[in-house]
Amino acid sequence: MSRTNNPQDHAPELEPQLEAAVWSVLSEPLDAEAIARVKARAAAIRAEHSSAPVILPPVPSSHPIASSAHELEQTHSTQLPVPFLSRSLMMKCLSTVAGIVIVVGATFMLQSTPSAFGQVIEQLRAARSYTYVSRLYTEGNTKPIETKVMVAEDGRQRNELSGETVSIMDSSSRARLTLIKGSKRALVHEVDPQQPGGPKNGQLAWLENLKAHGDKPDEQLGKKMLDGRSVEGFVAKQGQYAYTVWIDTKTRELVQVEHEMFVKGSSITKVVMTDFRFNESLDESLFSFDVPEGYAIQKLLPIPKVAGGEKSIVEALRGYTKRSDGKFPKSISEWGEWAVLFSTGSKDGQPNEETTEIMAHLGSILPFLMERSKDDYQYLGAGKSVDDKRCIVFWYRNKDATLRAIYNDLSVADVQEKDLP
Amino acid sequence: MLLQFPQFPVISGYGSPTGNDYLIDVPCISYRKGAFMPNEKSPDWGRIVDRHAERVFRIAFRILGSVHDAEDVSQIVFTEAVQMHAAGPVQSWTGLFVRLATLRAIDLSRRRRSTVELDEGDRVSNVGPPEEAVGAELAAWLREAASKLPEQQAAIFSLTYFEQLDRDEVAAVLSVSPETVSTALYKARQRLMSQITVFHGER
């Protein structure tokens, strides 16, 4: 739920004066010590209230939420907290509810499969540490790219890519250490205190989205056999994203989660996750940022903070065209040619500050695209050059339906539907 | 050379579908239902606090502009959350905390406004360069003006522009329709714009 710092990105455009006022509020720093105090006090609350009587919180009764939450006991919506239910009223309600429970229980018994889905969602919500295997299927390749993902209780993450490259990230999703087993190289990522974390939830967004989903699936796919197990499929939708979840019909364990790639232009067609294990003990050494013995250390510059959004697309393209005699890349979501171009002529294999900044801009493009429907943006730069007649190389639609376009001279402007190629 | 792609250090092209922790589920606190569910599993309170404390404080601070008041509101919110959980299962802690923090902070800002008129000198205290002073003054003005809005409009404006939720998320948090959000937001902006004109005129 944390967003860009641009108050215009997700809501109707504000008048400049009002926008300035909102900016003033948003630019005020948060007091980290105060947050620590809030945490400490809040953590102590549970113990204090564990034996306290249930009381009705003083929610303003004029509010729609308040009115719905308080409809049972309107007389209790006073300024002071009062006992929730009298004993006699509670007994009366209990008998009524007992009848409801029988009816509702019978209904759920008859619809056992959706509750299997709910059970898995609950299991995901309760997961503290977990491991799974992720397979990326790409166009033209039958063999997927396989990564083992491990997440510690404190949020640190370890990715083992095809058993050859290991990446360890801190709890802010910042890469800290990359080990390349074949060449025995250790890339140590220097961390600037001001350095932004990775995209929130990053690679684990699927999990956060499923955890945020309700207990009922959006679609049931029926049963099938998967790797010798009888499984039942469900579709869970979160906004424009759809996840297919396969659950063992006997054990009700999560067997597989799959989703398509959410970015237009990516060669990744599908992501499939299997071999889930939750809350198992994971060795602390798996998440250590220390370089193992025998590895040659290469230090990488801290990743600078970048603006994101259209500014980062412009800056990434500016960096690319500057090195390619004005030619635009084939893609902004596939980075192979970017890596080749920026590797050429580097000293000691070490990216300089400028390259690192361009990569930071490039890295921020995917989250920007993923926030949008595939129908709401298009990259058109392939085959074009900055010297061509002025033309659009990228356009996107804002949530308020306005259109923005980046031209091949790297200027940006509002455009109309009729202006799009 | 191995380039580091900061957002996706290992697998290029695969990352967060959203980059954000979206809040889509509809929060539901049902006293009627929840009061009779004694067997519900106890959530890990420490983890809940760790996950939501910053957001609760941030929401309150954005609305109130006072660290002290934001801490007080945060305390109230967590206390209420415990009570609500005792009364029944909380289906979305995120939704609950966002809603409670917003409503409690607005409530305090309105009560504070009714008892203590903000001293003009307080608005620009402890700020250095002129642009910072103007920023602080604008922020103070917006908070005061927002506290004069009807409660629902204030909540929707705050969630939209301070917490930067989109229309559907605001609707889910406040259990209103997306159309209601749009209408309230339009009215809130109209009111604030009419007031900011006066504010600029006074300056």
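Here are some friendly notes on this predicted model, taken point by point.

1. Let's begin with confidence in chain A. The average pLDDT of chain A is 76, and 76% of the residues score at least 70. Among the elements of this chain, helix 3 (residues 64-69) has the lowest mean pLDDT, at 31, while strand 15 (residues 403-407) has the highest, at 95.

2. Next, a sheet of 12 strands in chain A. These strands form an open sheet in the order 7-8-9-10-11-1-2-3-4-5-6-12, and the pairing is mixed. Strand 7 (219-226) and strand 12 (296-300) of chain A each have a single partner strand and stand at the edges, so one side of each has no neighbour in the sheet. On average, and with direction ignored, neighbouring strands of this sheet are turned by 20° against each other.

3. Strand 4 (residues 165-169) and strand 5 (residues 175-180) of chain A run antiparallel and are joined by 5 bridges. One of the pairings to look up is that of Val166(A), whose bridge partner in strand 5 of chain A is Leu179(A).

4. Which strands does helix 6 of chain A lie across? They are strand 8 (229-238), strand 9 (241-248) and strand 10 (254-260) of chain A, and the helix runs at about 80° to strand 9 of chain A. Helix 6 (residues 205-212) of chain A is largely enclosed by the rest of the structure, because 7 of its 8 residues are buried. The buried residues of helix 6 of chain A include Trp206(A), Leu207(A), Glu208(A) and Lys211(A).

5. Chain A also has a sheet of 4 strands. They form an open sheet in the order 13-14-15-16, with antiparallel pairing. Strand 13 (377-379) and strand 16 of chain A are at the edges with a single partner strand each, so one side of each is left without a neighbour in the sheet. From one strand to the next, the twist averages 25°.

6. Strand 15 of chain A is joined by 4 bridges to strand 16 (residues 412-415) of chain A, and the two run antiparallel. In strand 16 of chain A, Val415(A) is the bridge partner of Leu403(A), and Ala413(A) is the bridge partner of Ala405(A). The hairpin has 4 residues between the strands, and Leu410(A) takes a positive phi near 65° there.

7. Helix 7 (residues 309-323) of chain A lies across strand 14 (392-397), strand 15 and strand 16 of chain A, and runs at about 15° to strand 15 of chain A.

Methods:
Residues numbered from 1 in each chain as written. Chains lettered and ligands numbered in written order. Predicted model: local features only at pLDDT ≥ 70, side-chain atom pairs only at ≥ 80, totals over all residues. Buried ≥ 20, exposed ≤ 12 C-beta atoms within 10 Å, placed from the backbone. pLDDT = per-residue confidence, 0-100. Pairing = 2+ DSSP bridges. Axes fitted to C-alpha atoms, helices over the stretch in contact; angles between N-to-C directions. Contact = placed C-beta atoms within 7 Å.
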